Amino acid sequence: MANKSTKQTFSILRIICSAREALGVAEIARRAEVPASTAHRSMIALETTGYISKLDNSSKFVPGKMTAQLARAFCERYTIRAASMPYLRQITTATDKTTTLNVRIGWYSVCIAIIEPPQESFDARWLTERHLLHEGCASQVIAAHLPTREIKDYFDFVRSQKIPMPSGWQDTEFLKQLKRQKRNGYAKEDAGVGDLKRIAIPIVGDGTEAIASVTIEGVEPDVSAPRSEKLKHCIGIVKELSATVQENASFFSNPFAHIDPETVLFND
Amino acid sequence: MTSGSTLNPSHVNKSSVNVLKVLSVFAQHNAEFGVADISRKLDISKNMAFRALKTLVEEGFLVRDASGSRYILGFRMLELLNPDFDDPDIQTLCREFMQKMHAVSGLTVALQIPVGFSHITIDGIESRRGKVLARVVRGISVPLHVSPGSRAILSFLKDEEIDSYIQQHQPLEAYTENTITDPEKLWDDIKLVRDSGYALGYQDHFLGVNGVAFPVLDIEQRPHGAITVVGPIEVISHEKFMLLIPQLKKIADELNSVTRFYHASPIFSHV
């Protein structure tokens, strides 16, 4: 078992990393429910090792460079990330829109790469953003390629965690939607932010499972129109990437496939 | 921007520091380690390494790999990246490695970034042996074919970008008698830099100094910038300089295993 002070240190690290703003020692101690002197000792440990840093001209703290580095190192465990970069860039160049890569971890999908167009763009995605497999088109196109028994396991997980499904959805409706997405070779959605739309295309690896998905995000509807030439072009690019993955299936296998998905739970 | 601490380091929680140091070892490309690796890397006992790894597994920051014998980063790591805060800038990422290069060489170390068709120096550590041996002059624009820093950056642009640079800057300006101004010779040097992973100085920017520059690259091998190590020829001969390069290159490789996590900005998009 970890000793109490180390546990407190990690608890404080999580508080600083999940806060919406920089925090001072007193506020951190209050949120961690520990005396200020205890918080202070943990914060020295975190600061000296680069996990938190102090803002200029302030006594408040923010996540340090080590936290960003570790989260990015995690994303790099997926070999598909490095291999997909030229393809994502090709799509961004062709569409002038932000392109992202999602992979599976447990019953979630997580965004591990973002390529933005050179011009300033409005992006609603961020690196390490994660969603359950029924939430959003980037997750759903991965779920659409799961074997039926795994989808059933997923529903059991959602029920056991008391996670609400979208209103009006029954298991059967979700299954129908997944089948439609698999048949079409893509999934689309309104992002719920202004006119922002997304379209997700699966990267199909060994057999028929999707090891990842590529999502194109933008405010213009030209890519998301079903007969769009640009959409066909983007699907073609992702198919090329899928072919590369299929040739080296073991190299691109999920590095966390051995982890029981039921044990992958996030605090947020 | 972040700055110096107001916290009192004499009150540090040492057991936490040890566990955090073990976790930090995993902040590089494809890191996977066993107990013995951690013990060796951090010079701690195997028992201590094992206890730290066990704690990190309990916290979800590490998991065992598929073979069960080694540890890799765990999914709880995802909770540590907060989109409300900016990524560290290239200067912050490079600083610790520049200090290591300075410690190894005793020479002046400078960080250069590409800006359009030039590089500018944005940070540096000056060599001081009684007096400053080579100054770090920030903010001066130097063309991409002049100096090892420039050529380390130029060499990792796309071939068509390099062609475009050469065409737009014909005839290539000479800063000293050693500046490479012949496009064919420049291409030969670019191939050399790509193969070796560093650009040698030929006294092509200033006479009287030996220098070497290492590219700082992203995941697609695009340049964030370059780190140049430089010293006057009276202080370090070419032969002694060459002996230093393997040690400096090792530090540059460590740095690149971190900077690859961050995208380099497109260089010519605003030109």
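**Sheets in chains B and A**

In chain B, six strands make an open sheet, ordered S6-S5-S4-S9-S8-S7, with antiparallel pairing. Strands S6 (142-143) and S7 (199-200) of chain B are at the edges with a single partner strand each, so one side of each has no neighbour in the sheet. On terms: strands (E, at least two residues) and helices (H or I, at least four) are DSSP runs numbered from the N terminus, and two strands pair if DSSP finds at least two bridges between them.

The model is predicted: local features need pLDDT of at least 70, side-chain atom pairs count only at pLDDT 80 or more, and totals for chains, interfaces and linings use all residues. Residues are numbered from 1 along each chain as its sequence is written, while chains are lettered from A and ligands numbered from 1 in the order in which they are written.

Staying with chain B, strand S5 (residues 118-125) is joined to S6(B) by two bridges, antiparallel. Ser118(B) sits opposite Pro143(B) in S6(B).

Now chain A. Its six-stranded open sheet has the order S5-S4-S3-S8-S7-S6, with antiparallel pairing. Strands S5 (130-132) and S6 (187-190) of chain A are the edge strands, each pairing on one side only. On average, neighbouring strands in this sheet are turned by 25° against each other, direction ignored. Axes here are lines fitted to C-alpha atoms, for helices over the stretch in contact, and angles run from 0 to 180 degrees between N-to-C directions.

Three bridges connect strand S4 (residues 108-115) of chain A to S5(A), in the antiparallel sense. Within that pair, Val110(A) is opposite Arg130(A) in S5(A).

Finally, helix H9 (residues 229-247) of chain A lies across strands S7 (197-204) and S8 (210-218) of chain A, at about 30° to S7(A). Contact means that C-beta atoms, placed from the backbone, lie within 7 Å.

Key: Two residues are in contact if their C-beta atoms, placed from the backbone, lie within 7 Å.
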